[in-house]
Amino acid sequence: MKSPNGPAENRLYLGVDIGGTKMQASLVRESGEILCREKIATPRAGGPEQVVPAIEKVIADAIKKGGVKTDDLAAIGIAVPGVVDPDRGLVVVAPNMRLTGVSLGAHLKARFKTPIAIGNDGNFGALGECWLGSARKAESALYICVGTGIGSGLVMKGKLWRGDRESAGEIGHLVMQIDGPKCGCGSSGCLEALASRTAIERDIRQGVAAGRQSAITELAGGDLGVIRSGAVRKALEMQDELVGEIVRRASQVLGYACVNVRHLIDPEAIVLGGGVIEACSDYIVPIIENIVGQDPLTGARDGGKILLSALGDDAVALGAVAAARHLVGRNPFKKRFRVKPQYPEITRYARGEITIGRKTYDRDIYIPVNGKVKNRKRGAEADESGAARAIGPKELEKVCRGGPGVLFIGAGENAALELTDDARRFLAQRSIKLDLAPTAKAVENYNKSKARKAILVHVTC
Ligand SMILES: [Zn+2]
């Protein structure tokens with residue numbers, strides 16, 4: 001590996017996402033490709049003396065896993081769930097993290113001898129989506145992450161809107177219901193208290209306690225203490241009345257929060273992400289779109305798109321890398337610091353065979369944005385829709401990991417592969433352009449394209 005002062009495409013960064021349940025550190029190239037990820041559980045008990053060593057460990061583990069040395073890093077970005085002072089590297093308040101008052105920046109800088117950029121996780125998620133994700137072409141975007149809580153961030157022309165006291169973009173604490181349920185922040189009726197996973201869980205528990213029939217008790221393994229987004233999704237699939245009602249209500253509140261945001265700042269894109277959205281987007285997003293679409297004030301004109309996170313779990317860590325790059329004078333939003341990702345060339349295609357670099361494959365493959373060739377799962381095409389050779393959204397989740405700008409699909413000699421309607425919607429909701437063509441043509445287009453790209457190739461017929 002090259003030193004941090006080597007050619008730009010070889011510079012390395014770490015993006016660290018410190019969450020309430022897990023911490024993730026990703027080793028990332030200057031161009032934004034993730035080389036490896038390391039995850040550990042966030043210590044549940046104890047204070048900073050437990051949490052800080054865990055942060056150090058996940059950083060050290062990611063460096064080791066990537067086969068590099070600390071010296072190889074140009075900078076590290078750290079996302080914290082709370083209010084931070086980036087200039088002083090200080091965690092001002094972290095309600096769920098026991099990091100309040102910790103000078104995390106100075107501490108980690110001394111420990112790893114590398115510049116450290118610290119920021120709020122919602123803000124970094126927004127930066128990530130604007131740099132490489134769904135909002136990469138938007139002048140202004142608001143990112144909303146619906147998970148245990150509701151975080152968000154606002155980016156305008158490549159710059160975070162941090163606010164006077166570093167607390168801008170806290171959409172989770174917009175008051176959506178006067179005298180509503182108590183929120184973790186101490187206020188009442190906040191968006192987070194009405195539409196986060198925690199709020200959905202609370203309402204489900206209350207419904208069950210009041211004697212409502214629901215499949216959720218069984219789906220959650222008999223314990224309603226923690227109800228995962230996956231269990232909520234299964235209940236929705238089963239058309240469970242109680243869960244359906246609660247999720248519909250939460251979606252409506254989210255929809256009106258988006259309307260409020262549009263009336264205040266009218267961003268070009270609102271990007272939705274987080275565990276609840278990932279698991280239940282096909283139930284939640286149409287409700288939000290419907291409410292936003294009916295808004296009489298701005299409804300008459302196009303624009304103000306509702307998008308889904310293209311980076312998923314990686315949005316925050318990649319935003320942390322964007323901030324780390326900014327800190328060392330290489331702001332990725334400045335044209336002169338843009339670095340193109342490197343891709344392997346597809347050197348030969350003949351019916352039944354494809355050669356990439358020096359390796360030949362005799363079966364379907366795909367190359368996600370990180371440029372690593374992967375085998376397409378056999379039978380993947382028949383899994384979802386039942387119709388053979390149709391590509392569904394589940395397969396695209398893998399192929400489009402990392403947020404390509406363009407997805408090339410080599411559909412076989414007679415263009416036998418097709419996308420389901422859901423798959424086409426998957427791409428549109430993440431601002432991913434589709435270039436589907438007979439394989440030979442798709443390969444040619446892929447090789448020529450200078451975009452951040454991915455390809456799926458049907459080789460066998
Ligand atoms: Zn609140």
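Colleague: How does the span of helix 8 compare with what its residues should give?

Modeller: Helices here are DSSP runs of H or I with at least four residues, and strands are runs of E with at least two, both numbered from the N terminus. The expected span of a helix is 1.5 Å times one less than its number of residues. Helix 8 covers residues 241-265, which is 25 residues, so it should span 36 Å, and its end C-alpha atoms are 36 Å apart, in agreement. Bear in mind that this is a predicted model: local features need pLDDT of at least 70, side-chain atom pairs count only at pLDDT 80 or more, and totals for chains, interfaces and linings use all residues. Numbering runs from 1 along each chain as its sequence is written.

Colleague: What follows helix 8?

Modeller: D266 does, and its phi is positive, near 45 degrees.

Colleague: Where is K113, and is it buried or exposed?

Modeller: A residue is buried if 20 or more other C-beta atoms lie within 10 Å of its own, exposed if 12 or fewer, and partly exposed in between, with C-beta atoms placed from the backbone. K113 lies in the loop between helix 2 (104-112) and strand 7 (116-120). It counts as exposed because it has 10 C-beta neighbours inside 10 Å. K113 is not a glycine, yet its phi is positive, about 50 degrees.

Colleague: And what about K157?

Modeller: K157 is not a glycine either, and its phi is positive, near 45 degrees. Its place is the loop between strand 9 (150-156) and strand 10 (159-160). With 9 other C-beta atoms within 10 Å, K157 is exposed.
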